[in-house]
Structure formats: C-alpha cells, structure tokens
Amino acid sequence: ITGTCLGQRNTIEEELSRPLAPGFECFSVDPDTLETALAHYSESIERMIRVCREIGAIPVFLTQPLLYMDDPRWRGISGDLALGTSGCGYSAAAIWLVQDAFNRELLRVCREQGEACFDLASVIPHHRRYFYDMCHFTEAGSRLIGEAVAEFMLSRGLVSGGTSTGA
C-alpha cells in the first residue's frame, strides 16, 4: 500500500516507522495487521449493504477526508495528538496513508457491489480553512461538503431536485 506525493512513493510501513526527531521510538507496522483490518472493514461494508438491500434502503457511502496528506510538510508533523498517543512518532502523513487505504477499500467494495460511493476525500482540500482539527469540519468545510454531496446525489438520481432553503 503506497501513497504518492510529487512523484515520490512512500509505503505506509515506511511512514509509520520513520521517526520525526532523533530519540523517538516508533512502533513498527505489520503489513498483515493493516491487511487484516482492511478485510474486516470490507466485511462490515458488505454486511451494511446486505442489510440495506434486505430492508429496501439505498446506501450511499462517502470516503473520509482528513486535514493531513502525504507531503513533506505533514511527514514532519506528529499525528500523535489525533491518535491520543504520545511519543510514538507517527507522522500526520502516515495517518493519512492509513486513512487513504480504508478510503480506497470502501471505493473498491462499493464498485464491486454496484453501490453509490462518493469520494469526498478527493474533493475536500487538505487545508485549515475546511478543518478545525484533523477530521472535523469548519463551517466552510461543512458548506463545501453539503454542496459536493448534494451534487453527487442529484447527479446519480438518488434525490430529486428541489428549491434551496439555505440562508
């Protein structure tokens, strides 16, 4: 599993095992652990799809955006606070690479199952204007998400057009 930035490819394992500063002890990453987690995640998504089909509901899935991304700036910033840990040395970029693996898995399962999945993570810029922390949105971020999701759902015929009641 890899992330790409400016033509450079970094594996999640490389990012999670790289210290941010001399003296940091970092957790090693077992690729099998991530693969196992992704397999359980896929099973959960498939189970949700089955339940929705059984009750006649139409599921709509969204990938998860994060403030972080895989670039030199975020590779040098600790993501520990977001994880509630300290001293492990996970970079913010490493956290994004793991989230991106789950996002890609969600897109894959939905594509295979023929269900709607909006790649919201590819639409929301990795910028503080849209996030007040690593994964929660500011008012501007919420507005951007609402507009993007509405456009997606309208374009897929998942909802019918109507009049806006926004302020």
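A salt bridge is a side-chain nitrogen of Lys or Arg within 4 Å of a carboxyl oxygen of Asp or Glu. The views below show examples from a predicted model, which holds six salt bridges.

**View 1. Glu139 and Arg143 are joined by a salt bridge.** The N to O distance between the two side chains is 3.0 Å, and because that lies within 4 Å, the pair meets the cut-off given above. Both residues belong to helix H6, which covers residues 139-155, and they stand four residues apart, or about one turn of the helix. Glu139 is exposed, with a relative accessible area of 60%, whereas Arg143 counts as partly exposed at 46% relative accessibility.

**View 2. Glu105, Arg108 and Glu112 form one network, joined by salt bridges that share partners.** Arg108 and Glu112 are four residues apart in helix H5 (residues 92-113), so about one helical turn separates them. Arg108 is partly exposed, its relative accessibility being 26%, while Glu112, with a relative accessible area of 55%, is exposed.

**View 3. Arg75 and Asp70 form a salt bridge between two buried residues.** The closest N and O atoms of this pair are 2.9 Å apart. Arg75 has a relative accessible area of 9% and Asp70 one of 4%; because buried means under 20% relative accessible area, Arg75 is classed as buried, and Asp70 is likewise buried.

Notes. Residues numbered from 1 in each chain as written. Predicted model: local features only at pLDDT ≥ 70, side-chain atom pairs only at ≥ 80, totals over all residues. Heavy atoms only, no water. Buried < 20%, exposed > 50% of the residue type's maximum accessible area, 1.4 Å probe, protein only. Helix = DSSP H or I, 4+ residues; strand = E, 2+ residues; numbered from the N terminus.
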